[in-house]
Amino acid sequence: MDRILSLLIILSVLSLWVTVVSSDGGEDALIRQVVDGHDDAMIISNDQEHHHKFALFKKRFKKVYATEEEHDYRFHVFKANMRRAARHQRLDPSATHGVTQFSDLTQSEFRRTHLGLKGKLPKDSNTAPILPTEDLPEDFDWREKGAVTPPKNQGACGSCWSFSTTGALEGAHFLATGNLVSLSEQQLVDCDHECDPEDPGTCDSGCDGGMMNSAFEYAIKAGGLMREEDYPYTATDGKTCKFDKSKIAASVSNYSVVSLDEDQIAANLVKNGPLAVAINAQFMQTYVKGVSCPYICSKQLNHAVLLVGYGSAGYAPIRLKKKPHWIIKNSWGENWGENGYYKICRGRNICGVDSMVSTVAAFHTTSG
Ligand SMILES: *[C@@H]1O[C@H](CO)[C@@H](O)[C@H](O)[C@H]1NC(C)=O
């Protein structure tokens with residue numbers, strides 16, 4: 001009896017330790033409660049495997065740590081992220097979760113440096129007119145039509161909002177002119193300090209975050225955005241704005257907010273081009289491929305991305321079931337996700353993906 005009791009105590013101490021070691025930020029607390037921890041003991045005995053995985057990770061993503069302490073700390077974080085990926089896998093079986101270039105970052109480091117959505121939609125935003133939805137194609141992808149530039153990389157800077165903004169304007173400009181021109185995020189990072197009219201404390205602020213609708217507002221006031229190559233991205237806050245009005249390549253004519261209705265979102269996508277959308281990025285730190293369709297996901301929006309298409313096939317790894325999904329262009333480079341893209345299932349506003357959607361139109365005139 002005594003032995004059983006002490007075994008029980010040891011086990012509960014162990015599982016407590018696992019919980020403490022892997023806890024970082026609150027978002028996963030709910031997940032840990034829902035997903036049982038039956039494999040925690042097994043995970044502890046897998047230390048050797050973790051060493052091997054970490055070695056591969058460092059090699060693949062060219063990770064170098066300045067000191068031995070830093071290295072050991074990052075290995076500790078890596079192991080916690082492997083446990084987190086395993087939890088995500090159980091909650092999101094139609095996607096694959098595992099090692100990504102962010103596996104050595106804590107959740108709070110990741111949120112601080114690779115997301116960057118700040119603010120909310122103003123109540124008086126223009127709402128997009130309701131469009132007919134009867135004749136929508138079953139699958140649709142703006143990449144196939146040449147309206148989407150290759151995935152870019154925001155680096156360690158909370159500037160996702162600027163990439164979502166340029167992506168939407170690049171698409172609208174393509175629809176208006178037939179030319180695909182890569183546009184400057186750095187112009188937005190350095191020059192756009194537009195504030196939320198209802199909350200003047202919330203302003204676009206470079207690597208500290210911002211919002212697509214205020215960036216469209218800035219672009220209207222400034223006259224437009226320069227080309228990427230004329231104002232290249234540095235992943236840092238520039239001290240001065242180097243905007244040159246004579247080099248404007250694309251201009252916003254108007255923008256509006258699409259209602260929380262998946263058919264309207266699809267109709268606006270097909271008619272007006274790629275859409276600027278916000279999402280909760282909780283599952284994206286560990287996402288590798290497939291259609292992400294988590295059983296539970298916060299709808300608190302913290303990341304900005306670009307909606308470029310939708311489909312119903314592509315249920316990985318076996319196409320047993322069709323899984324309707326959105327195709328999302330991210331700004332974490334081509335080595336993240338499916339060549340820089342994320343697939344998230346449609347149908348129930350998963351991770352808030354339907355709740356902040358903007359469409360933009362460009363002027364026909366300027367061609368850069
Ligand atoms: C821009 O304005 C036109 C004319 O009012 C309207 O038809 C169109 O839907 C608007 N586009 C967007 C993206 O808001």
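Which residues surround the ligand? In this predicted model, the ligand is surrounded by P129, N254, Y255, S256, T359, V360 and A361. The side chain of N254 places an N or O atom 2.3 Å from a ligand oxygen. For S256, an N or O atom of the side chain lies 2.7 Å from an oxygen atom of the ligand.

Helix packing was examined next. Helix α4 spans residues 47-60, and helix α5 spans residues 68-91. Their axes come within 10 Å and cross at roughly 110°. Angles of 65 to 115 degrees count as roughly perpendicular, so α4 is roughly perpendicular to α5. On the α4 side, the contact is made by D47, H50, H51, K53, F54, F57 and K58. On the α5 side, H71, R74, F75, F78, K79 and M82 take part. By class, this contact of α4 with α5 has five nonpolar, three polar and five charged residues.

A further helix pair involves α7 (residues 160-177) and α9 (residues 212-222). The two helices pack at an angle of about 60°, and their axes are 9 Å apart. This angle makes α7 oblique to α9. The crossing of α7 and α9 is right-handed. From α7, residues W161, S164, T165 and A168 meet M212, A215 and F216 of α9. The contact of α7 with α9 comprises five nonpolar and two polar residues, with no charged residues.

Conventions
Residues are numbered from 1 along each chain as its sequence is written. This is a predicted model: local features need pLDDT of at least 70, side-chain atom pairs count only at pLDDT 80 or more; totals for chains, interfaces and linings use all residues. Side-chain values use heavy atoms; hydrogens and water are left out. Axes are lines fitted to C-alpha atoms, for helices over the stretch in contact, and angles run from 0 to 180 degrees between N-to-C directions. Helices (H or I, at least four residues) and strands (E, at least two) are DSSP runs, numbered from the N terminus. Angles under 35 degrees count as roughly parallel, over 145 as roughly antiparallel, 65 to 115 as roughly perpendicular and the rest as oblique. A crossing is left-handed if the near helix is turned anticlockwise from the far one by less than a right angle, and right-handed if clockwise. Contact means heavy atoms within 4.5 Å. Ala, Val, Leu, Ile, Met, Phe, Trp, Tyr, Cys and Pro count as nonpolar, Asp, Glu, Lys and Arg as charged, and the others, Gly among them, as polar. A residue is near a molecule or strand if one of its heavy atoms lies within 4 Å of it. A polar contact is a pair of N or O atoms within 3.5 Å; within protein, one must be able to donate a hydrogen and the other to accept it, and residues adjacent in sequence count only if both atoms are side-chain atoms.
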